[in-house]
Amino acid sequence: MTGSDVRRVVTGAPWEEQFGYSRAVELPNGLVLVSGCTSIVDGEIAGGGPHEQTVNAFNVAFAALGQLGLGPADVVRTRMYLTHARDVEEVGRAHKELFDGVRPAASMIIVSGFVDPSLVVEVEVEAYRADTTRGGAAS
């Protein structure tokens, strides 16, 4: 595998350039890894509560998958990082609404905090393209 075999999605978010990462990376074997996503949209936190932040964070991940021609049905694993155990039910409810028909492997992990203390959840997504004939457009 060479660097040219790997596709990267760059969204223009300021931290991508500042910290040197891509929003998503697709490997030649069809595995797609989406970086941690939060509820920050256009520089502002979208949604205040844990349920809303979770839905918005997953929508950021879905947008990255969409640039590779994939969607929620292609998700095989999710990770949800929470700052408070009290938010497990709301985050879990959002996850069920988005993935009940897909049922990816999933983890919820309690962490001490995020770069912005107003954030209560961050999510990561892994997806799989069964047909490795690549579709979609990426940078």
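## The aromatic cluster

Helix 2 carries both Phe 58 and Phe 62, four residues apart, or about one turn of the helix. (Helices here are DSSP runs of H or I with at least four residues, strands are E runs of at least two, and numbering goes from the N terminus.) Keep in mind that this is a predicted model: local features need pLDDT of at least 70, side-chain atom pairs count only at pLDDT 80 or more, and totals for chains, interfaces and linings use all residues. Residues are numbered from 1 along each chain as its sequence is written, and side-chain values use heavy atoms, with hydrogens and water left out.

Phe 58 and Phe 62 are both buried, meaning under 20% relative accessible area; over 50% is exposed and anything in between is partly exposed (1.4 Å probe, protein chains only). Their rings stack, at 6.2 Å centre to centre with 25° between the planes. Phe 58 also pairs with Phe 99: the centres are 5.1 Å apart and the planes sit at 75°, so this one is edge-to-face. Together, Phe 58, Phe 62 and Phe 99 make one aromatic cluster. For the cut-offs, rings of Phe, Tyr and Trp (its six-membered ring) pair if their centres lie within 6.5 Å, with planes under 30 degrees apart called stacked, over 60 edge-to-face and the rest tilted.

## The core around it

Leaving aside residues up to four places away in sequence, Phe 58 touches Thr 78, Met 80, His 95, Leu 98, Phe 99, Val 123 and Val 125 (contact: heavy atoms within 4.5 Å).

The largest nonpolar core has 22 residues, and Phe 58 is among those touching the most other members, along with Ala 24, Val 32, Val 34, Leu 65, Val 123 and Val 125. Helix 2 gives the largest share, six residues. Such a core is a set of buried Ala, Val, Leu, Ile, Met, Phe, Trp, Tyr and Cys residues joined through side-chain atoms within 4.5 Å.

## Salt bridges

There are ten salt bridges, each a side-chain nitrogen of Lys or Arg within 4 Å of a carboxyl oxygen of Asp or Glu. Glu 26 takes part in one with Arg 7, the closest N and O atoms being 3.4 Å apart, and in another with Arg 129, at 2.8 Å. Glu 26 and Arg 7 are buried, and Arg 129 is buried as well.

Over in helix 3, Glu 97 and Arg 93 lie four residues apart and meet in a salt bridge at 3.1 Å, N to O. Arg 93 counts as partly exposed, at 38% relative accessibility.
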